[in-house]
Amino acid sequence: MRAVVQRVLEASVTVEGQRVSEIGPGLLVLLGVGKGDTEADVAWMAEKLATLRIFEDTAGKMNLSLEDTSRQLIVVSQFTLYGDARKGRRPSFIDAMEPVGAKALYERTCELLRQRGLSVGTGIFAADMKVALVNDGPVTLLLESPGPSAPKG
């Protein structure tokens, strides 16, 4: 699994003119599922997102996680994170998991985050979404689970 994680002051997702999710301070996560990703990758990603120390403490150090704060997150499915544009001009998405399996692992990730007591907003899987955010910092991180879809070497 791959994720682009952005610390935000606010974020929202709109589909067909309707706001489907919005948060104040927290994380916006663009989440891609790759071929071969499993429940182990889901568990790793949910744990990492919940406990990643990306928020500042009273001393101004990035020392607090979502679980340490009352922060929220929005998780948006993003198969294009598996786009390979090294050759040609059109990205190839052959490393992305097929939609049925990807949706199940995406939803499971959100479920595990909720089980940890976090407030989790989502987009709508496979919809044309408009994502708005105010990045805080800016702080943006790339995460990749250690599963089979991770780059070798």
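**Entry 1: the contact of α1 with α2**

I looked up which residues of the two helices touch in this predicted model, and I noted that Glu39, Val42, Ala43, Ala46, Leu49 and Ala50 in α1 meet Leu105, Arg108, Thr109, Leu112 and Leu113 in α2. Sorting the residues of this contact by type, I counted eight nonpolar, one polar and two charged.

I then turned to the geometry, since two packed helices are described by the angle between their axes and the distance between the axes. For α1, which spans residues 39–51, I found that its axis and that of α2 come within 9 Å and cross at roughly 40°. Angles under 35 degrees would count as roughly parallel and 65 to 115 as roughly perpendicular, so I recorded α1 and α2 as oblique to each other. I noted the hand of the crossing of α1 and α2 as right-handed.

**Entry 2: the largest pocket**

I next looked up the largest pocket, for which I wrote down a volume of about 330 Å³. Its lining comprises 19 residues, and I marked Ser77, Gln78, Phe79, Ala126 and Met129 as those that lie nearest the centre of the pocket.

By type, I recorded the lining of the largest pocket as 13 nonpolar, four polar and two charged residues.

Note on methods: Residues numbered from 1 in each chain as written. Predicted model: local features only at pLDDT ≥ 70, side-chain atom pairs only at ≥ 80, totals over all residues. Heavy atoms only, no water. 1 Å grid on protein atoms, 1.4 Å probe; cavity = no way out; pocket = protein on both sides within 12 Å on 5 of 7 lines; lining within 4 Å. Points joined across faces, edges and corners; volume = space filled by probe spheres on them. Nonpolar A, V, L, I, M, F, W, Y, C, P; charged D, E, K, R; others polar. Axes fitted to C-alpha atoms, helices over the stretch in contact; angles between N-to-C directions. Helix = DSSP H or I, 4+ residues; strand = E, 2+ residues; numbered from the N terminus. Parallel < 35°, antiparallel > 145°, perpendicular 65-115°, else oblique. Left-handed = near helix turned anticlockwise from the far one by under 90°. Contact = heavy atoms within 4.5 Å.
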